[in-house]
Amino acid sequence: MWQAFRNGTVYDLRTGVRDADDPHGGHPWGPGRSVRARIVAWLLLAGPPALDGRVSSLKLQGVQITDTLDLAGGTIEPYVELKDCRFEKEVLLPEAHFTTLRLVNCSVPRLEAARVHTEGDLHLPRSRFHTGVRLTDAHIGTDLLLNQAVAFRDRTGKSIAGDGMSVGQDLQAEMLETHGELSLRGATVGVSLSLRGSRLSNSHGRRALNAPQLTVERTLYLTPAGVGNSFLSNGTPARGTRVQRFECVGGLRLDDGRFGDAIDLDAARFTMRTDQEVSLRRVQTPELRFTCEGPERGLIVLNGAKVVNLVDKATSWPVAGQFRVNGFTYENLIPIGAFPLHRRLGWLSDATPEYRPEPYEQLANILRNAGEDADAREVLLAKQRRRRETLPVAAKVWGYIQDWTVAYGYRPGRAAVWMAVLWAVSAVAFSRAEHPPLHKGEGPNWDPALFSLDLLLPVIDLGQAGAWQLRGGWQWLSAILIMLGWILATTVAAGATRLLRRN
């Protein structure tokens, strides 16, 4: 190992037998494959110089490291790469400085690396951590790789603690498997954060992913990943590739997060208890791709979130009472698949148990800007009908009258239809009425059609209504026509005022 370190070559103690070389298996590794942690630390902190023309580095494969590897506070200049290794006890790296550190397919009781600093990458793919990983306030110069890693919970219930962590470029945790809370509170990722195909589970706590105030300069991917690839890619799996979707068993929290390009939830599956949430409160992102599988239990919360494009499916939203969108603002709607207007209105109603006008007005503005004026009017009509349910009885009755007659002014053609029907019916009826003149020998000739029209049209005087004297039921019919005319006129005026105010 000493000579391999000076040469920069791999020190390989594998036997060539697959089961015997598996660091996660139960096959014992004897003294012939073991190296003391103190010797590893000695090489890394004060090792011999490299041979001429060589670069010293520690590359171990198939090695068991006994005792606790303690590099806390140290500065490690050589490149470090350990593959298929087994650690007997925990690895302590708090406040250590590395160039690049790679632990690939290793079995580690626990990785304690708070405030660790790397100039380059920190790679932990396919490794298994039996009592968790701590990376709080760590600074990773380029990429952090956790692809296909497995992390179990520590005594605090966390599988991976990365609060306050800073990653210069990508954080790739594709096909990651956690059994405890993945905590990324206040973490910063310089490019993208990929959890494609990961399975996050926390059966002992409230959240499987807890990442409030997370900042990702580009995109957060909670999407499927192709299964069987040696190196997982950032692309969408090719057609025909077997995929594993992102799955979260427990709550997910991204409150107050900032995402430069998008949050992508395509085909994600959330399995929650009734007291758990997928919480996106006050997140800001240009695009939210809410095309996940609708959860059976738990809440989807978007209160105060701000997005430019909302890409969604009708089947992605849960049933009424299981999601909230108070204060949720978006500028464009991009539905995937069938999402007719009546279902969108039902979505608004389900999301706002208590009436609020803003969601309806926002949707109407978006539809109007897209040239869908008729749909925009339907949304505003639905808003008035929803508002009507909150009014006192008298106002509610008046609301029903406005709805039946001119649909609150959003269907003004109804007024003309009502007027024509009343005019025709009353003209036929008054043609049978006795009509002695109010002043004998004066006034116009009797015309039942003009008489009916004069009664229906308020303000306008056609000279018929005041020239004839009706008695009994005909007088009552005249009064009813006058009242109906005023009701139609005021509802049309109210609708016109609302239309002018909206324009």
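I began with R14 and found that R14 forms a salt bridge with D12, with 2.9 Å between the closest N and O atoms. I took a salt bridge to be a side-chain nitrogen of Lys or Arg within 4 Å of a carboxyl oxygen of Asp or Glu. The model is predicted: local features need pLDDT of at least 70, side-chain atom pairs count only at pLDDT 80 or more, and totals for chains, interfaces and linings use all residues. I number residues from 1 along each chain as its sequence is written, and side-chain values use heavy atoms, with hydrogens and water left out.

I then looked up exposure, where buried means under 20% relative accessible area, exposed over 50%, and partly exposed in between (1.4 Å probe, protein chains only). R14 has 40% relative accessibility, so R14 counts as partly exposed. D12, at 34%, also counts as partly exposed.

Next I checked E277, which forms a salt bridge with R281; their closest N and O atoms are 2.9 Å apart. E277 is buried at 18% relative accessibility, while R281 is partly exposed at 23%.

I turned to R344, which pairs with D312 in a salt bridge, the closest N and O atoms being 2.8 Å apart. R344 lies in helix α4 (residues 341-351) and D312 in strand β42 (residues 306-312), so the pair ties together parts that are 32 residues apart in sequence. Helices (H or I, at least four residues) and strands (E, at least two) are DSSP runs, numbered from the N terminus. I noted both R344 and D312 as buried.

I also found a network of salt bridges linking R110, E112, R134 and D154. My count of salt bridges by this rule comes to 23.
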